[in-house]
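Subject: Structure handover

Hello,

Here is the structure I said I would pass on. Please keep it open while you read the notes under it.

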Amino acid sequence: MLAFKPIYGRSIVLTGIICLLCLSAMAQTPAKKPVAAKPVAGAVVTKPATTAKSVPAIIDAFFKKYKEKGADTAIDYLFGTNKLLANLPQLSVLKKKLDSLQQSAGKYVGHELIVQKSSSPSLFLYSYLVKFENQPYRFTFMFYKPQNEWELYRFKYDDQMDAELEEAGKINNKHP
């Protein structure tokens with residue numbers, strides 16, 4: 001009959017404990033990141049899907065382009081969000097009119113949100129006070145989201161805020 005001496009029993013138990021500790025330590029060690037494969041010549045690389053821009057992000061980009069690069073670039077960007085509006089012949093007239101604003105109203109200074117309204121989660125209106133050195137204008141943007149992307153639906157500008165403000169300031173909005 002085989003008899004184990006106590007020293008062998010302890011060494012087997014200690015060896016088992018050490019193996020368990022090593023295995024648990026290996027399980028807790030984060031896996032190494034796989035090394036990216038080098039592209040193969042002629043292989044097509046796809047870009048990850050881009051997330052849809054929010055309406056305020058589109059408007060902020062419009063105003064940044066308007067300030068830094070002028071009406072042409074800003075209008076092309078804004079109307080480029082809608083394939084049906086991107087190549088309208090009237091855009092050249094709009095660009096000239098927006099450029100001429102700075103001749104009469106002075107240099108563009110900044111913009112402030114007047115109102116934001118929505119009739120549904122897919123249709124938004126944003127109205128901005130656009131500040132020029134000599135007088136304010138209002139730019140009104142309407143955006144529509146038919147599926148996943150926001151697109152410009154309407155754009156207009158005017159300088160009639162003062163008349164509207166005066167009308168709103170009348171008692172009960174009644175004329176004398």
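This is a predicted model: local features need pLDDT of at least 70, side-chain atom pairs count only at pLDDT 80 or more; totals for chains, interfaces and linings use all residues.

Residues are numbered from 1 along each chain as its sequence is written, and side-chain values use heavy atoms, with hydrogens and water left out.

Helices (H or I, at least four residues) and strands (E, at least two) are DSSP runs, numbered from the N terminus.

Helix 2 covers residues 55-69. Its buried residues (under 20% relative accessible area, 1.4 Å probe, protein chains only) include Ile58, Phe62 and Tyr66. An α-helix has 3.6 residues a turn, so residues three or four places apart point the same way. The buried residues of helix 2 pack against several elements, among them helix 4 (91-104) and strand 1 (108-120), where contact means heavy atoms within 4.5 Å.

The open sheet has 4 strands in the order 1-2-3-4, paired antiparallel; two strands pair if DSSP finds at least two bridges between them. Strand 1 and strand 4 are the edge strands, each pairing on one side only. Strand 3 and strand 4 are joined by 7 bridges, and tyrosine 144 stands opposite glutamate 151 in strand 4. Helix 5 (residues 161-168) packs on the sheet and touches strand 1, strand 2, strand 3 and strand 4.

Regards

Methods:
The expected span of a helix is 1.5 Å times one less than its number of residues. Buried means under 20% relative accessible area, exposed over 50%, partly exposed in between (1.4 Å probe, protein chains only). Axes are lines fitted to C-alpha atoms, for helices over the stretch in contact, and angles run from 0 to 180 degrees between N-to-C directions.
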